[in-house]
Amino acid sequence: MTKMETIQLNQYQWEAVQDESNACLVNANVGSGKTTVLIEKIRFLHTEKKIAFQDMFVLTFTNKAAGEIQERLREQQLVSDREEMLFFGTFHAVALNLLQKYLPVEDLGYREGFQVMTPEEELEMALQLITEHGLKIKYKNRMKKRLDQERASGEMCVRYQDDWKELMTLLEAEKHRQNQMTYADLLKNATELLERHPEAIRAKWVIIDEVQDCDHSQMLFLEQLKKPETHLFAVGDPNQVIYSWRGSVFQIFPLLRMKYQAREVSLPVNYRSTGTILEAAKRFLQNGSHLEGCREAGQKIVIKNHYDPFQEADYLSGRIRELHKHGIPYGEIAVFYRMQNQSEILEKAFTREGIPCEVSVKKSMQDIPVLAWFFHVLKSALYPENKTDLLLALCDKQYGEGWTQKRAEKELAKAGKTENNQTAESGHPNKGFSGNQMVEKQMPEKRNLEKMSLLLRIQYMPEVLPERASVKEMSGMLPDLLALQMQILPTSAAYEEEMGQVQKVLEILCREICRISEKKSDEGISRQEWITAAKNCLNDIALAGMRIEDEKDSQTDTVKFMTLHASKGLEFSHVFLIGVNNGLIPLLSGGMESEEEERRLFFVGMTRAKEYLELSWYTSPDGPRVMPGPGRFLRFLPDRLVEYPEGKPMGTRNREDAQSHLQSIRKQVEKNRIENADAEKTGTVAPQSDGQNTVQAKRVRHVRYGIGEIVEENDMQIIVEFKDYGRKEFIRQFAMLEEI
Ligand SMILES: Nc1ncnc2c1ncn2[C@@H]1O[C@H](COP(=O)(O)OP(=O)(O)OP(=O)(O)O)[C@@H](O)[C@H]1O
């Protein structure tokens, strides 16, 4: 997605924008203006068709996409109030809004003000239950995967003989008791309640971005939103399905087409990449969509070889510095890789050379240990029934009391008893502090707090907040009320940094509370209002994380390092796609399906480049299952589109490479001999004048790619070279090839 200047829509884009059929599917090719069309559609519906934003559901897969849509509508001054866009967001965020404001969660045994729990918290809750009930669970380190699988398939994962079923029942009950919902619960519960209360919401339009990534639970949610009179407008690209491992529905386009008799329109024109990049990328297109370019041929794609990741990092830092000297902003350059750990060497090399760079991993509050702990403290303080976060905060070895779960449970029971006694004695519902202090709601003496255990400080925090103060003061006093200096020790080397991080989070919290409560930071807020807004804020953080870098930090002119998955939806003028070795790109795959997904991922990466694309492979890769030598995807690229600064990969330049290459040649020769022997037996060999036997290339015809020659085949697979489309691989059983 990119910033939208005033763009003249093409005829296909207009057709999509103006379409008013009950259901419309936009098959949008890569770089064809999907985002542009989506925003234009919303604008068109609002300004021309007078549809209120509140009557539209705009569902996205990432917060970034949702944020960008909202920002552009604000930029165009179409919308000022966030409430207008209550149903613009990720599927989960919209489900959360529905559950908080429109649907009776009590029907499902939850209570108002429920909390959103992160997957880590759910896992922790499950582990706590295992200990508490002495359950036997096999392979505890695989529990997260089992939970994920269960969510994706919607079925109980009873693969091993253990107490899993019992654990799931307890987990469900505990989530209800603590009034907590996981991400999956949000969608499931919203879907169920929409089904029970169809009158609760009436959407006029449901608009979906990146529809190819929908999973089953999202399809069920859509089913409830889309009433017969509701219009559906879904935009997606079947060639960019890169999340099937997360359970995205196979063949979503035909499915939606059939289910809603949807009209299908397509956006074939790619505005982003040069002709050369686009033509090369077409070799990886799988769904027979028609992709047109509209730009000049541009530079050839460069294919480089590096000895290893260190040499590569050294080369890249020099090369990118050079590009920058020639006027390419660092922010227009990106390096993509398959695995996140590949960024480490690059980051070190670039930092050493003083080149500004940024590793694009979402650094959220939960990624930083002190903040992850602080998050549990805040959650347990604001939600007294939340035992999971309280145990996490107390048992934390670095910042908490370092207790075992058993010890923490004991202390909790003890505190419960003391609390009952004190309540009975003082007759005041507030716990802990000497009666007078609590009645007057004064800030307790700092030394009193320091004498109290962390458990008590957490429990009393909401009660010792002043009745009324400014939003800024209220948020700013938390470190004192919680006596954080007792947990983040001032003597520790990281004290300044960690307290700084806590302060930063409190500033963001203050900003968000102002936004939610519609107050200025120096405006007075009551304790209860502050608590309600803070709870909302914690739900948002649990769902979407809290980005703790300043916005201006992440927008500075830096070279971006990211995984191929993270590159989806972005564009850069110069792209370096590294590690195109078998076993890395593509990853060792478990079958044809994952191999195809790897190809789509490579396609997504290539098509992020506007002007320049460089692909590289290692002679001596880092990683146990990565093969030395150029990956097979490089073979799909025709010579006329690429250039090799060091000559084609055949021209090896060092011993290791030579050895690996010789080995592969030896294997190839052996293979050819066996094939020739077989061919001889079956009589498909034609004698040649020089006395040698060769297998004649078979010519075939394919419905879409036309005439081609078989270059390789075995029991499973056939590889055919087509004149206009390059090499294509087919599963033998399904290949629609006609021999000619
Ligand atoms: N009609 C148009 N005329 C000129 N440029 C256009 C037009 N439509 C879109 N573009 C440009 O094409 C580029 C790709 O658009 P956009 O990012 O919306 O595509 P996309 O379909 O979301 O891409 P992808 O799916 O590959 O992420 C952007 O730079 C955008 O400004």
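Of the 740 residues of the chain, 37% count as buried, a residue being buried if 20 or more other C-beta atoms lie within 10 Å of its own, exposed if 12 or fewer, and partly exposed in between, with C-beta atoms placed from the backbone. This is a predicted model, so local features need pLDDT of at least 70 and side-chain atom pairs count only at pLDDT 80 or more, while totals for chains, interfaces and linings use all residues. Residues are numbered from 1 along each chain as its sequence is written. The chain holds 27 helices and 26 strands; helices (H or I, at least four residues) and strands (E, at least two) are DSSP runs, numbered from the N terminus. Among contacts in the chain with a separation of 6 or more, 72% join residues 24 or more positions apart, where a contact means that two C-beta atoms, placed from the backbone, lie within 7 Å.

**Around the ligand**

- The ligand is surrounded by 20 residues, and the closest are V30, G33, K34, T35 and Y271; a residue counts as near a molecule or strand if its C-beta atom, placed from the backbone, lies within 6 Å of it.
- Helix α2 (residues 34-47) gives the most to this shell, with 3 residues.
- By class, the shell has 6 nonpolar, 11 polar and 3 charged residues. Here Ala, Val, Leu, Ile, Met, Phe, Trp, Tyr, Cys and Pro count as nonpolar, Asp, Glu, Lys and Arg as charged, and the others, Gly among them, as polar.

**Helix α1 against α2**

- Axes are lines fitted to C-alpha atoms, for helices over the stretch in contact, and angles run from 0 to 180 degrees between N-to-C directions.
- The crossing of α1 with α2 is right-handed; a crossing is left-handed if the near helix is turned anticlockwise from the far one by less than a right angle, and right-handed if clockwise.
- On the α1 side, Q13, A16, V17 and Q18 meet T36, V37, E40, K41 and F44 of α2.
- This contact of α1 with α2 is made up of 4 nonpolar, 3 polar and 2 charged residues.

**Helix α14 against α23**

- Helix α14 (residues 369-382) and helix α23 (residues 527-544) have axes that come within 11 Å and cross at roughly 135°.
- That makes α14 oblique to α23.
- The handedness of the crossing between α14 and α23 is left-handed.
- In α14, F375, L378, K379 and L382 meet I531, A534, K535, L538 and I541 in α23.
- The contact of α14 with α23 has 7 nonpolar, no polar and 2 charged residues.

**I513 in its setting**

- I513 sits in helix α22 and is buried, with 24 other C-beta atoms within 10 Å.
- Leaving aside neighbours within four places in sequence, I513 is in contact with V471, S475, W530, A533, A534 and C537. One of these, A534, also takes part in the contact of α23 with α14.
- I513 and I525 are 12 residues apart in sequence, with a C-alpha to C-alpha distance of 10.0 Å.

**Backbone details worth a look**

- The peptide bond from I585 to P586 is cis, with omega near 0°; P586 lies in the loop between β17 (572-577) and α26 (592-606).
- Q261 is not a glycine, yet has a positive phi of about 45°. Q261 belongs to the loop between α10 (252-260) and β8 (263-267) and is exposed, with 10 other C-beta atoms within 10 Å.
- A483 likewise has a positive phi, near 45°, in a residue other than glycine. The loop between α21 (478-481) and α22 (495-517) holds A483, which counts as partly exposed with 18 C-beta neighbours inside 10 Å.

**I740 after β26**

- I740 is found in the segment after β26 (737-739) and counts as exposed, with 8 C-beta neighbours inside 10 Å.
- I740 and R699 are 41 residues apart in sequence but 5.6 Å apart in space, C-alpha to C-alpha.
- Beyond neighbours within four places in sequence, I740 is in contact with R699, V700 and R701.

How values were computed: Parallel < 35°, antiparallel > 145°, perpendicular 65-115°, else oblique.
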